[in-house]
Amino acid sequence: MTVTVLATWLLDAAGLVGRDMLLADRPLTSFIWQPDALSWLVGFLAGIAGMLSLTSAKAGTLVGVLISVTTVPAAANAAVALAYGVTDEAAGSAVQLFVNLAAIVVAGVLTLLVQRVAWRRR
């Protein structure tokens, strides 16, 4: 996130990006800083898929992809918003990041518990 803040300042100084881009209407990406129930669900499903991938013989890059899809946009948007001093959007992105991380952890633990019960029954 620190690198993103610095990169934002550099790109802004070069005239390649601007605060107005952050403040413009972005209806297709507003979920990044406006978490809702779907945010929890996406993180939860990523956590299940990630844990299943890790505990099966099919572990691979899928885990990283699923986790990064749910965390990187929120972390990056929080950093850009902080770079431009847009604290309400930065706070919303931080909440989104926390919701995703919490959902991933809860889903991972629950997946392990379900697997443990299933393996004991065998």
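This is a predicted model: local features need pLDDT of at least 70, side-chain atom pairs count only at pLDDT 80 or more; totals for chains, interfaces and linings use all residues.
Residues are numbered from 1 along each chain as its sequence is written, and side-chain values use heavy atoms, with hydrogens and water left out.

**Overall shape.** I looked up the radius of gyration, which is taken over C-alpha atoms, with a globule rule of 2.2 Å times the number of residues to the power 0.38. The chain has 18 Å, whereas a compact globule of 122 residues would have a value near 14 Å. Along the principal axes, the C-alpha atoms fill a box of roughly 60 × 25 × 20 Å. I also noted that 33% of the 122 residues count as buried (buried is under 20% relative accessible area, exposed over 50%, partly exposed in between, with a 1.4 Å probe and protein chains only).

**Helix α1.** I checked its length. The expected span is 1.5 Å times one less than the number of residues, so the 12 residues of α1 (residues 2-13) should span 16 Å, and the 17 Å between the end C-alpha atoms agrees. Just after α1, I found G15 with a positive phi of about 80°.

**The salt bridge.** My rule was a side-chain nitrogen of Lys or Arg within 4 Å of a carboxyl oxygen of Asp or Glu. By that rule I get one salt bridge. Which residue does E89 pair with? Its partner is R26, and their closest N and O atoms are 2.4 Å apart. E89 sits in helix α5 and R26 in the loop between α2 (19-23) and α3, so the pair ties together parts 63 residues apart in sequence. Is E89 buried or exposed? E89 counts as buried, at 6% relative accessibility, while R26 is partly exposed at 23%.

**The largest pocket.** On a 1 Å grid over the protein atoms alone, a pocket is an open set of points where a 1.4 Å probe fits, with protein on both sides within 12 Å along at least five of seven lines; lining residues have an atom within 4 Å of a point. I read off about 170 Å³ of space in the largest pocket. Its lining has 13 residues, and F31, V42, V69, Q96 and N100 lie nearest the centre. α3, α4 (61-83) and α5 (87-121) each supply at least two residues of that lining, with α4 giving the most, five.

- A103 is in helix α5 and counts as buried, at 0% relative accessibility. A103 and L41 are 62 residues apart in sequence, but I get 7.6 Å from C-alpha to C-alpha.
- G50 is in helix α3 (residues 37-55) and is buried too, at 5%. The C-alpha atoms of G50 and A90, 40 residues apart along the chain, are separated by 27 Å.
- P73 is in helix α4 and is partly exposed, at 32%. From P73 to T111, 38 residues along the chain, the C-alpha separation is 25 Å.

Notes:
Helices (H or I, at least four residues) and strands (E, at least two) are DSSP runs, numbered from the N terminus. Grid points are joined across faces, edges and corners, and a volume is the space filled by probe spheres set on the points.
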